[in-house]
Amino acid sequence: MRKIWILIVILMAGCASHSQQDQSQQDQLQQESAESDSADVNDPFEGFNRIMWDFNYEILDPYFVRPVSLTYTGYTPRFIRTGISNFLANLDEPASVVNNLLMGNGGLALTHLNRFWINTTFGVAGLYDAASQGGIAKQDERAFGDVLGKWGVGNGWYFVFPAYGPWTLREGGDFADGLYPPLSYLNFWAGLGKWVFEGMETRSALVSQESTLENSPDPYVLTRDVFLQRRAYKAEVTDEEAVDEDQEDYLDSYLDDEDDF
């Protein structure tokens, strides 16, 4: 199960490209997120969540998470970082196989299965992404919470926790992904290490996008709305008739935080 490090989703909400066209798309996305219908958001603890947001954004990130992440990515050789990222991503493939089957995505399940056995064998336990070199591209992972969403279970209450960041009750179902190998072999400390290494890579990659969040009139609302949009997209519960395909492609390209590692 892929964990979400502090501010991963926060900063993903403000990701921007270098072109003027993408900047316009970003502004449109930000405006629509901030003006989204509050009836679709189950945030009864907003007061508490905003306090946690302030702690994460104003204290924990600038004084700990950001400098630690930049130190790791700045001084660790690229081939070592890539090997670690590949190895950790490979651990998630079996869960995505099962969850895609439960969602009715047989083709994606087969892709994840092929990636797992190829990278585990020819990729030396996943350290090398041999599957991508063979034309089997990495796909977005699926967690059990996405399965629940696919079959009608709502997000439930929205929370923001210290260090962890955004979370919904439905994500509690993701614990099921750790009940079978290889994730079931990880003890607490190994699982924590996986979370930390993945988070440092993603946090570092988003440094160039920080200004967008800082310029948002309400970063908390923007983050919450984009986070919930992403959860809906992964669970395949988006109303296709109401979706702007260009905007969805734009959003997905930046929220797919591990594709470059």
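Start by selecting Asp140 and Arg230: they form a salt bridge, with their closest N and O atoms 2.6 Å apart. (A salt bridge is a side-chain nitrogen of Lys or Arg within 4 Å of a carboxyl oxygen of Asp or Glu.) Asp140 sits in the loop between helix H7 (130–133) and H8, and Arg230 in helix H11, so the pair ties together parts that are 90 residues apart in sequence. Helices here are DSSP runs (H or I, at least four residues), as are strands (E, at least two), numbered from the N terminus.

A word on your model: it is predicted, so local features need pLDDT of at least 70 and side-chain atom pairs 80 or more, while totals for chains, interfaces and linings use all residues. Residues are numbered from 1 along each chain as its sequence is written, and side-chain values use heavy atoms, leaving out hydrogens and water.

Is Asp140 buried or exposed? At 14% relative accessibility, Asp140 counts as buried, and Arg230 is buried too, at 9%. (Buried means under 20% relative accessible area, exposed over 50%, partly exposed in between, with a 1.4 Å probe and protein chains only.)

Next, select Arg224 and Asp43, whose side chains meet in a salt bridge (2.9 Å, N to O). Arg224 lies in helix H11 (residues 219–234) and Asp43 in the loop between helix H2 (20–34) and helix H3 (46–75), so this pair ties together parts that are 181 residues apart in sequence.

Finish at Trp157, in the loop between helix H8 (144–150) and strand S1 (158–161). Trp157 is partly exposed, at 40% relative accessibility.
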